Amino acid sequence: PLQIVTSSGSVTAGKAQQISVNAADFLPGSVKHQIVISRNPTLESAELLRYLVQYPYGCTEQVISAAFPQLYYGDLAKQLSRDPQTANVNRHIIEAIRTIKLRQLYNGAVMLWDNGEAHWWTTIYAAHFLLEAKKAGFDVDDDLVNTLLGYINSRLRNKTLVDYYYNRDQKKKIAPKEVAYSLYVLALASRPNVSAMNYYKASPANLSLDSKYLLSVAYAISGDRRKFSEFLPASFSGEESVPQTGGSFYSPIRYEAIALNALVEVDPGNAQIPLMAKHVADQLKNRSWYSTQECAFSFLALGKLARSAEKSTVTA
């Protein structure tokens, strides 16, 4: 099997930078080198992007996670790929759209696997991806999106609370994380559920920290900047979720990345963004393996931020 070793660094424009490559641990003649240069700081996590794009996924959440960041990182993904098949960004995105359609149930929900049951988080995630893909110019069936949104809206009628574990050993009852994500995606689709938004705004103790960000951004997208400013937390601190491998797949990194992704959408100049972005980027360097949700939302958030920075007229 191939072994891949990566490293990263930066070079100032107009300056020379010497790059040393240590191949002493490999058989002579067996090593191939590749250098990728980009203005995007996410290149530091290039190996995670390659892993996310090329791994042979099967469940709906993973298929979407592999395709979603390529809406922003298509060129970078192509540069990193060593396989012409996996370098076909459009093919990945179209395949993800097809998978969602094939795994949709009669009630509009999406299954995680073939012949499975409705999965609330994956259904919202699918609708989010389709809205972004359509915005990027891909052919997305309106009926497919509408039936997904109909199911999502129907789930908001149930106001039950669930156990939420955070800060290692603390527990409290909160609205499922799917609730705020649903409200955010419905707002993106220009179909805000304002009554549900107001209901949860009136009960902030029933929301996790990331859910408060998503709800506040839902208000901004819906045109209510006053409630956005009122409800937006002052900082992303004081609460760290315990990772979950099922349900809504939350974890500390995904938790902050999804909040950052939403905030960049409506207020790219917000003073919280640089610190949140640095925190997410730094966390991506702490381990050798991350879940597809952690990778996807981190790349989405940092990708949007990089795109916003490219449009800026500020010079250093």
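A residue is called buried when its relative accessible area is under 20%, exposed when that area is over 50%, and partly exposed in between, with a 1.4 Å probe and protein chains only. The structure described here is a predicted model, in which local features need pLDDT of at least 70, side-chain atom pairs count only at pLDDT 80 or more, and totals for chains, interfaces and linings use all residues. Residues are numbered from 1 along each chain as its sequence is written, and side-chain values use heavy atoms, with hydrogens and water left out. Helices (H or I, at least four residues) and strands (E, at least two) are DSSP runs, numbered from the N terminus.

A pair of aromatic rings is described by the distance of the centres and the angle of the planes. Rings of Phe, Tyr and Trp (its six-membered ring) pair if their centres lie within 6.5 Å; planes under 30 degrees apart count as stacked, over 60 as edge-to-face and the rest as tilted. Across the whole structure, a search finds 11 aromatic pairs. One of them joins Y181 and F297, whose centres are 6.1 Å apart with 75° between the planes, an edge-to-face arrangement. Because Y181 belongs to helix α7 (residues 177-188) and F297 to helix α13 (residues 292-311), this pair ties together parts that are 116 residues apart in sequence. Y181 is buried, at a relative accessible area of 0%, and F297 is likewise buried at 0%.

The rings of F236 and Y255 also form a pair; their centres are 5.1 Å apart and their planes meet at 75°, so this pair is edge-to-face. F236 is placed in the loop between α10 (225-231) and α11 (252-266), while Y255 is in helix α11, so the pair ties together parts 19 residues apart in sequence. F236 counts as buried at 15% relative accessibility, and Y255 counts as buried at 1%. Elsewhere, ring pairs link F68, W121, Y125, F129, Y181, Y184 and F297 into a cluster.

A charge sits over a ring if NZ of Lys or CZ of Arg is within 6 Å of the ring centre and within 35 degrees of the ring normal. K159 lies over the face of Y199, at 5.2 Å from the ring centre. Over the ring of Y250 sits the charged end of K177, 4.8 Å from the centre of that ring.

The strands come next. Two strands pair if DSSP finds at least two bridges between them. Strand β1 (residues 162-166) runs antiparallel to strand β2 (residues 170-174), with 5 bridges between them. V162 has I174 in β2 as its bridge partner, and Y164 stands opposite K172 in β2. Together β1 and β2 form a hairpin with 3 residues between them, and N167 in the turn has a positive phi of about 45°.

Positive phi values also occur in loops. N115, a residue other than glycine, has a positive phi near 60°. N115 is in the loop between α4 (89-102) and α5 (120-135), and is exposed, with a relative accessible area of 79%. S190, again a residue other than glycine, has a positive phi near 60°. This serine is found in the loop between α7 and α8 (194-201) and counts as exposed at 63% relative accessibility.

Another loop, between α12 (273-283) and α13, holds K285. K285 is partly exposed, with a relative accessible area of 47%. Although K285 and L48 are 237 residues apart along the chain, their C-alpha atoms are separated by 9.5 Å.

On a 1 Å grid over the protein atoms alone, a pocket is an open set of points where a 1.4 Å probe fits, with protein on both sides within 12 Å along at least five of seven lines; lining residues have an atom within 4 Å of a point. The second largest pocket holds about 370 Å³ of space, a volume being the space filled by probe spheres set on the points, which are joined across faces, edges and corners. It is lined by 20 residues, of which T245, F249, W289, S291 and T292 are the closest to its centre. The elements giving two or more residues to this lining are α2 (60-67) and α13.
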